[in-house]
Amino acid sequence: MTKTQRLTVLSVLTSAVMALISGFGTAHADTWQDIASRARGKTVYWNAWGGDERTNSFIDWVGQQVQAQYGITVRQVKLSDTAEAVSRVAAEKTAGRDEAGSVDLIWINGPNFLSMKDMHLLYGPFTQLLPNYRYVDTIGKLSNVTDFTIPVDGMESPWRLAQVVFNYDSARLKEAPRTIEDFVPWAKAHPGRFTHPDVRDFMGATFLKQALIELAPDKKRLQQPATDADFAKETAPLWTWYEKLKPLLWRRGEQFPADGPAARQLLSDGEIDLSMSFDPAEAAAAVESGLLPDTIRTYTLSGGSIGNTSFVAIPYNSPHKEAAMVVADFLLDPATQAHAQDIRVLGSFTVLDLDKLSTQQRQLFADLPTSPALPTNADLGSVLLEPHPSWMTRITDEWMRRYVR
Amino acid sequence: MDAAIRQIGFRIRSLIPFLPKPNLRHAVGLVLLCVLGIPIAAGLIFTLLPAFGYLPSIGGHTLSLEPWRELFSYPGFATSLRITVTTGLAATVLALILSFSFCAVVHGRMRDRGADGLLAPLLAAPHAAMAIGLAFLMAPSGWLIRLVSPWLTGYTVPPDIATVQDPWGAALVTGLLIKELPFLLIVILAALNQIPVDQQMRAGRALGYGQGIVWIKIIAPQVYAQIRLPVYVVLAYSLSVVDMALILAPSNPPPLSVVAFKWFMAPDVTRTLPAAAAATLQLFVVAGAIGIWRLGERGVAGLGLWWTTRGGRGVSGEPGLKLAAALGTIILSLGLGSLIALAVWSLAWRWPFPDILPSTWSLDIWSRQAHALVWPLGNTVVLAAVTTGVALLLAIAWLEAGDRTGRRDRAIPWHPVYIPILLPQIAFLFGTQVLTLKLQLDGSFLAVAWAHFLFVFPYVLLALADPWKALDPRYARSAAALGASPTRTLIRIKLPILLQPIAIALAIGFAVSVAQYLPTLFAGGGRVATLTTEAVAMASGGDRRVVGVFAFMQTLLPLAVYLAALVIPRIVFANRQALAGRT
């Protein structure tokens, strides 16, 4: 991008923000059209974890849609870990590549978002520019604006919701643990039939965080950064509990599936009877696509479970920011969100506030198919907020210190 | 071009009288030095500096040992190092023993070309695909246990035993053997063509030795001397493999190469320092292992010489050889079974334990993946075709230059062109990435092609060097006597006679390019997706059916090229038996 071009973009963006502030709807529409016309013909390299086939297919579908509607090509860069994209942008900043970066859009949240925000690797705030952002539920779904206790500040745009749930095979299992404390007696009765993903993976760490929220003496403390003294005090009951559970896990707790999908594969193969997931509709969708038997049921813990939002963010050095914004906006389109919530597609719960939609738009959600494995909103219970990311980092380190030999 | 170089050369010669007369070999050498030498030297330097704390971009301006302290105090470090050393050495020793025994038992009964056809799928299949298939075959819920469950074992749910990612790394060793055994077999069969095996066998038998003992005492040492370089390549590779280890090796803690890989990929850039230290240690481990291996060679040679000169009849080598050959057969069968398992999974809809075959079959996964396959498939084909094509041209130029300067040196292991395949990839790819970043090439197709070339060229040269040198020089002399220029001789005589080995070298280069995981990832910045990067990324996703589609395509592609390489010379030279490779 030349200097003049950069200035043009800058002035366009400034005027867009000005228009928003002064509330001129028409000017806003023009500006967005401006952005959309600049986006035409560009290619968006969307860096997204590639371990889930349905998500990959969904991204592929998004690519076909934005190609048809906006003339934008989407290339998914499939990551085996989102951190790869973060380190790539960090490496580019290190090398002084401030303009022609290789990443245009990242599927991101939590610790990765925090480290990109801290290192000033993100472009934005941009979400207020997206026409469809007005439908986002920013009050009922708090994780849309607070990502792991970190204020989002418009630096990332939400696109799907996640909540910790457990899946079990009702053909083999009659009762499943309903609280974190229940896990120990349950595992005694079913040794080797449950495991959590490796704690170095966010899913495994999330299992321990879920336990921590239930076991910590002072739960409010978890919303602030962890300190040495507090960490020892708040996590002491967690480790006592885990010492009892670990030897009763699959492979006697000496080996763990690499991540959530690997644990789901174990459930599918019958190596375990109970697994955790970060997506209430994952099991229903997996049954639909043949990945799990139709006897799988999904439930959550009686005291509620951790929930968070998946976002997309734009690196500061993306050469195709306008096109990336168009894709982020397309993801928030009520029609897209309804398509994503279809269990035959993704099954992920929407980030939008259905009350803000028109009757017609709401009908799209009402018409979606259902499944016995799909929990109702009432089944899901209350959503607990993620602790500050420092707790997760420390839990992972402490777990490694204790159990990796 | 040649003339221009000569002119420049003459000017330099007038300054430095000791400089040898520049020729084609120097020109090709210079090109190779730039294309191979610069990225590797830069790669090593840019890895070594951060290993000692020097990485100005994150504030490391002074040399320190802190990264090493961090590496050594990392939980499970000692176990990581132990797994790396034991699995790497075990895989190499076993691959060597099994391949020699296998050749001893089947040689004479099996014609080379038949062996080629049988081994082709195993040679062509990328490591990652093989690992994915093997993981399913060997898992407690895998195909092998399903075959005997529940009627024999009584298992209605899979047993809770670690048969994959086991703490000893046995699954990783098995996976490595599946890939290295066919490679060594091909190399040994080629080496055997240089030795009058039948005569020596008759002489040995006449002196009262059993067939097995003649093989061990007389033939094996001669073969080994010829295949030393491939053995070192196998050793270096086994010690530093990443893609296979991600799938088959224990993960708690993982081998050293995986530790380095994960740190390089971590979002926290300060992790680059201990990652570089781990990568450097990996380099030392490989160098040390090759050193120890050489000492071991001397020890074995001394013992063997004593044993051979001592005479001694009546000992039979047969039972041991047959046992090892049987083990080798099992390994090869596991390899073929893994590939079949991938194909079956790609056609499954549901395949629950303990069913031996899918309960529901479907082409749905193929049709749904068709769109997602196009881009990585195109990248894979173009990358492989371009790098192999360039590598072949340079290899021919290099060998022809050797002929013209009258130097017919053997492929000694220490020749610099083989360095890329003797170094652990993790030890210099990060540094190479820094170089491509500085050149503004990172994430480009060119950077990935270049990274592939580093590994494709040595293998193509390795495959072509021996047949080239074995070419009877009288053909070229006759052509020259009839007035043909060296270039005309090359095009009209040498290349057509060498069509078969050239085709094989192309197929090997193609397979090497398709299999590259780390180079594609580091140089491509993830933007150049190939079937291999997609398959490994998806192997973590737990949908075996989709992984099956990608891994199957990943195997099919190089296999098709390999079979074409075997068949095309036979069609072209349908009326010239010897040239068609039917000797």
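Two residues are in contact if their C-beta atoms, placed from the backbone, lie within 7 Å. On that basis, 50 residues of chain A meet 45 residues of chain B. The model is predicted: local features need pLDDT of at least 70, side-chain atom pairs count only at pLDDT 80 or more, and totals for chains, interfaces and linings use all residues. Residues are numbered from 1 along each chain as its sequence is written, with chains lettered from A and ligands numbered from 1 in the order in which they are written.

**Side of chain B that touches chain A**
- β1 (348–350), α16 (364–404), α18 (429–438) and α24 (531–539) of chain B each supply at least two residues of this side; helices (H or I, at least four residues) and strands (E, at least two) are DSSP runs, numbered from the N terminus.
- α24(B) gives the most, with four residues.
- By class, this side has 21 nonpolar, 15 polar and nine charged residues, where Ala, Val, Leu, Ile, Met, Phe, Trp, Tyr, Cys and Pro count as nonpolar, Asp, Glu, Lys and Arg as charged, and the others, Gly among them, as polar.

**Domains of chain A**
- Chain A is assigned domain 1 (1–39), domain 2 (43–159 + 308–369) and domain 3 (165–307 + 381–403); such bounds come from an automatic or database domain assignment.
- Eight residues of domain 1 of chain A are in contact with eleven residues of domain 2 of chain A.
- On the domain 1 side of this contact, α1 (3–22) and α2 (25–39) of chain A each supply at least two residues, and α2(A) has the largest share, five residues.
- That side comprises seven nonpolar, no polar and one charged residues.

**Domains of chain B**
- Chain B is assigned domain 1 (77–252 + 317–362) and domain 2 (364–583), whose centres, taken over C-alpha atoms, are 23 Å apart.
- Their contact takes 35 residues from domain 1 of chain B and 37 residues from domain 2 of chain B.
- The domain 1 side of this contact has 25 nonpolar, six polar and four charged residues.

**Packing of α16(B) and α25(B)**
- α16(B) packs against α25 (544–572) of chain B at an angle of about 40°, with axes 10 Å apart; axes are lines fitted to C-alpha atoms, for helices over the stretch in contact, and angles run from 0 to 180 degrees between N-to-C directions.
- The two helices, α16(B) and α25(B), are therefore oblique to each other, as angles under 35 degrees count as roughly parallel, over 145 as roughly antiparallel, 65 to 115 as roughly perpendicular and the rest as oblique.
- The contact of α16(B) with α25(B) has nine nonpolar, two polar and one charged residues.
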